[in-house]
Amino acid sequence: MAKLILKNVYKRYDNNKKKNKKQNDYAVNDYSLECKDGEFIGILGPSGCGKTTTLRMIAGLEDITSGDIFIGETKVNDLHPKERHIGLAFEDYALYPPLNVYDNIAFNLRAKKVNEEDIHKEIMRIAPILKVDDLLDSRPVGLSGGQKQRVNIARAIVRKPKLLLLDEPLSHLDGKMRQVLRTEIKRLHKEIKCTTIIVTHDQLEAMSLADRIAIMKDGKLQQFGSPLEVYDNPVNEFVAGFIGEPPMNLMTVDITKQDNELFFDFKGSDVRIGVPKRYQSIVKEGMTVKLGVRPTDLLIGNEASKGSKVKVAVFENLGEERRISIRVGQEFLTLITTEEIRYKQGDIIKLEVNAEKTHLFDIK
Ligand code: ADP
Ligand code: MG
């Protein structure tokens with residue numbers, strides 16, 4: 001177990017011949033992160049944003065262009081991967097087909113000349129934690145994806161690493177197995193208490209597993225915080241749109257004024273809401289701003305409601321919740337409710353907005 005620190009880490013691939021050099025010059029760009037001892041960190045971002053590169057630099061599989069990485073108190077920039085005491089599990093399980101599960105897990109320990117008795121003890125300790133104790137005699141070819149990934153993770157933690165690095169460990173698994181193994185990984189972390197970093201492009205995975213999430217875009221860290229922090233207070237439009245399913249509604253609104261009161265005026269519609277107090281000193285009449293509202297903060301008003309009339313474009317009953325796509329001006333907004341309601345396309349509803357829960361972005 002150890003803490004992990006990344007300080008102004010950059011990575012440029014010398015063979016990167018991308019045309020758009022300015023934006024994509026660095027695969028990882030000025031990345032700083034501090035993970036506490038025993039913490040579970042999620043690195044989250046779209047494909048190509050630099051997650052795997054970051055993980056490979058931590059593991060020592062990729063050179064750092066500049067910056068420093070510390071594991072515990074040790075600066076590891078120049079340390080060989082083997083000297084970093086890291087457990088690694090990538091998305092493709094990379095098990096040795098001729099070896100059974102026991103020998104696969106034992107492989108790296110044997111390479112390190114650990115004696116057979118200690119190897120046996122260690123495998124017997126780890127196997128039940130990952131529920132592979134019944135599979136020890138099996139060959140990889142007969143295993144399901146979920147079982148292979150369990151063996152892969154068992155192999156990664158068998159050496160009691162200081163850091164466990166998981167790169168998209170669930171991405172090859174189907175829906176149900178993904179959920180099962182996700183829960184298992186969470187339990188595993190609680191049991192072995194190893195500082196763990198999981199790389200994923202799936203926000204739900206990061207939200208459910210990690211103590212804190214580092215959200216990346218184009219090689220740069222956008223926000224680092226607890227799942228609740230990044231959900232409730234996204235620092236920019238990108239994070240707002242990336243966290244939450246369905247994502248936050250983002251729309252362009254005009255700031256208007258009437259009777260000395262400021263309003264967010266939804267373009268091309270009657271919908272307008274009072275600007276909440278916390279934004280009143282930030283916006284001025286005549287400005288155009290980007291406003292974000294979570295689908296659960298759009299509400300349907302009753303008969304007496306002062307909300308504006310809008311049209312239902314799509315109504316979906318998803319069992320536990322209902323999703324309504326509503327047309328507001330040129331844009332479609334998503335509303336989610338758990339109320340037992342039923343609408344059809346073209347119905348008129350009164351839209352209310354929980355103004356206190358709105359988010360402002362890109363204020364110039
Ligand atoms: P992610 O894991 O988030 O999908 P990667 O770290 O794999 O992203 O890639 C980040 C960027 O670096 C991408 O633009 C990718 O094309 C580039 N890249 C990754 N590996 C190499 C490599 N070995 N050589 C050149 N460019 C690479
Ligand atoms: Mg990757």
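Good morning. The buried residues of helix 2 are Lys51, Thr53, Thr54, Leu55, Met57, Ile58 and Ala59. Here, buried means under 20% relative accessible area, exposed means over 50%, and partly exposed lies in between, with a 1.4 Å probe and protein chains only. Helices (H or I, at least four residues) and strands (E, at least two) are DSSP runs, numbered from the N terminus.

Before I continue, a word on the source: this is a predicted model, in which local features need pLDDT of at least 70 and side-chain atom pairs count only at pLDDT 80 or more, while totals for chains, interfaces and linings use all residues. Residues are numbered from 1 along each chain as its sequence is written, chains are lettered from A and ligands numbered from 1 in the order in which they are written, and side-chain values use heavy atoms, leaving out hydrogens and water.

Returning to helix 2, which spans residues 51-59, seven of its nine residues are buried, so the helix is largely enclosed by the rest of the structure. Glycine 60 follows helix 2 and has a positive phi, near 90°.

I turn now to the ligand. Which residues are the closest to ligand 1? They are Gly48, Gly50, Lys51, Thr52 and Thr53, out of 12 residues that surround the ligand; a residue is counted if one of its heavy atoms lies within 4 Å. This shell comprises four nonpolar, six polar and two charged residues. In this scheme Ala, Val, Leu, Ile, Met, Phe, Trp, Tyr, Cys and Pro are nonpolar, Asp, Glu, Lys and Arg are charged, and the others, Gly among them, are polar.

A polar backbone atom of glycine 48 is 2.6 Å from an oxygen atom of ligand 1. For lysine 51, a polar side-chain atom lies 2.9 Å from an oxygen atom of the ligand. In threonine 53, an N or O atom of the side chain is 2.5 Å from an oxygen atom of ligand 1. Taken alone, ligand 1 exposes 560 Å², and the protein buries 68% of that (Shrake-Rupley method, 1.4 Å probe).

The next topic is aromatic rings. How many aromatic pairs does a search of the whole structure find? The search finds four. Rings of Phe, Tyr and Trp (its six-membered ring) pair if their centres lie within 6.5 Å; planes under 30 degrees apart count as stacked, over 60 as edge-to-face and the rest as tilted.

In one pair, the ring centres of tyrosine 96 and phenylalanine 107 are 4.3 Å apart and the planes stand at 35°, so the pair is tilted. This pair links distant parts of the chain, 11 residues apart: tyrosine 96 is in the loop between strand 6 (86-89) and helix 3 (101-111), and phenylalanine 107 is in helix 3. Tyrosine 96 is partly exposed at 33% relative accessibility, and phenylalanine 107 is partly exposed at 36%.

Phenylalanine 238 and phenylalanine 242 form a stacked pair, 5.4 Å centre to centre with 20° between the planes. Both lie in helix 9 (residues 237-242), four residues apart, about one turn of the helix. Phenylalanine 242 counts as buried, at 18% relative accessibility.

Is glutamate 303 buried or exposed? With a relative accessible area of 77%, glutamate 303 is exposed. Thank you.

Methods:
Polar contact = N/O pair within 3.5 Å; in protein donor to acceptor, adjacent residues only side chain to side chain.
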